[in-house]
Amino acid sequence: MRELLKKKGFICDMDGVIYHGNCLLPGVKEFFAWLTENHKKFLFLTNSGQYTPKELQQKLARMGLEAEESNFYTSALATAHFLKSQAPGCSAYVLGEHGILNALYDVGITYNDVNPDYVVVGEASGYNLEMITRAIRLVNGGAKLIGTNYDLTGPTESGIIPACRALLAPIELVTGKTAYYMGKPNPLMMRTGLKLLGVHSEEAAMIGDRMDTDIVAGIESGLDTVLVLSGVTTREDCLNFPYRPRLILNGVGDIPAFAEAHRGAEEG
């Protein structure tokens with residue numbers, strides 16, 4: 001923990017780390033205060049592409065946490081950046097919320113449900129058979145398949161829900177095509193996150209609740225890794241993976257609690 005406290009920058013997942021749905025998790029306000037008081041740089045790097053950074057900023061503000069819009073980077077932004085770099089001015093059929101639609105529009109990628117260059121799939125509350133069928137036909141017709149993130153499930157205040165990879169599964173199975181996933185642990189997203197954070201990987205930590213995205217992304221990018229048990233992963237789940245986080249905490253509130261106890265011990 002002492003090594004973690006010395007880090008200059010922190011990249012944090014959001015769902016399962018900061019909140020479940022609209023419920024702030026225990027210890028988050030204390031963690032946020034510790035980051036601010038100790039002048040730590042931080043970036044919320046989320047695989048969710050449903051919301052824009054401004055909306056995420058406002059969501060945290062409603063929970064009593066103040067952050068800048070620049071403190072957020074989403075898989076929707078990563079997807080838009082990738083498609084713009086690969087095929088400027090391309091078109092896409094999109095299954096997703098306004099977060100991904102806005103991100104694509106902002107970089108000049110147009111919506112196309114007839115003959116798109118890409119089929120892009122994110123989280124979609126209105127996901128239905130008609131959308132799946134159209135996506136399948138477009139991919140079979142030559143459109144490239146993109147997933148905004150690799151999450152199979154997501155935590156909410158009422159329990160686990162299917163996420164992007166689960167929604168993409170029927171399209172992949174029927175077409176025989178494998179999607180290219182943009183969110184964590186894709187190194188393109190992690191490199192952009194570190195660049196936005198403005199800190200070298202050796203001086204940064206990745207805090208997340210998922211072994212298959214957050215922790216492996218941190219390990220492969222050279223960051224210190226912290227798994228919190230406040231999301232979808234249990235301590236026993238870790239045994240199923242060939243890699244390990246350096247630290248396993250109950251939640252981010254353990255960090256300021258340790259810092260306070262450590263400071264008290266030093267002063268004593």
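Begin with the aromatic rings: a search of the whole structure returns 11 aromatic pairs, where rings of Phe, Tyr and Trp (its six-membered ring) pair if their centres lie within 6.5 Å, and planes under 30 degrees apart count as stacked, over 60 as edge-to-face and the rest as tilted. The model is a predicted one, in which local features need pLDDT of at least 70 and side-chain atom pairs count only at pLDDT 80 or more, while totals for chains, interfaces and linings use all residues. Residues are numbered from 1 along each chain as its sequence is written, and side-chain values use heavy atoms, with hydrogens and water left out.

**Stop 1**

Select F32 and F44. Their rings form a stacked pair, 6.3 Å centre to centre with 5° between the planes. F32 belongs to helix α2 and F44 to strand β4, so the pair ties together parts that are 12 residues apart in sequence. Helices (H or I, at least four residues) and strands (E, at least two) are DSSP runs, numbered from the N terminus.

Is F42 buried or exposed? F42 counts as buried because its relative accessibility is 14%; F44, at 2%, counts as buried too. Here buried means under 20% relative accessible area, exposed over 50%, and partly exposed in between (1.4 Å probe, protein chains only).

**Stop 1**

Which residues does L60 touch? Leaving aside residues up to four places away in sequence, L60 touches M14, I18, Y19, F44, L65 and F72, contact meaning heavy atoms within 4.5 Å.

**Stop 2: charges over rings**

Select K59 with Y19. The charged end of K59 sits over the Y19 ring, 3.9 Å from its centre. The criterion is NZ of Lys or CZ of Arg within 6 Å of the ring centre and within 35 degrees of the ring normal. Then select R165 with Y150, where the charged end of R165 sits over the ring at 4.0 Å from its centre.

**Stop 3: the six-stranded sheet**

6 strands form an open sheet with parallel pairing, in the order β5-β4-β1-β13-β14-β15; two strands pair if DSSP finds at least two bridges between them. At the edges are β5 (72–74) and β15 (247–249), each pairing on one side only. The twist averages 20° from one strand to the next, with axes being lines fitted to C-alpha atoms, for helices over the stretch in contact, and angles running from 0 to 180 degrees between N-to-C directions.

Next, select β14 (residues 224–228), which pairs with β15 in the parallel sense over 3 bridges. The bridge partner of L227 in β15 is I248. Helix α4 (residues 75–86) packs on the sheet, touching β4 (41–46) and β5, and its direction makes about 60° with that of β5.

**Stop 4: the five-stranded sheet**

An open sheet of 5 strands, with parallel pairing, has the order β7-β6-β8-β9-β12. β7 (110–111) and β12 (180–181) stand at its edges with a single partner strand each, so one side of each is left without a neighbour in the sheet. Strand β6 (residues 91–95) is joined to β7 by 2 bridges, and A92 has Y111 as its bridge partner in β7. Helix α7 (residues 164–175) lies across β8 (118–121), β9 (144–147) and β12, running at about 160° to β9.

**Stop 5: helix α9**

Finally, select residues 211–220. In this helix, α9, 8 of the 10 residues are buried, so it is largely enclosed by the rest of the structure. What do the buried residues of α9 pack against? They pack against α7, α8 (187–197), β13 (204–208) and β14. Following α9 is G222, with a positive phi near 80°.
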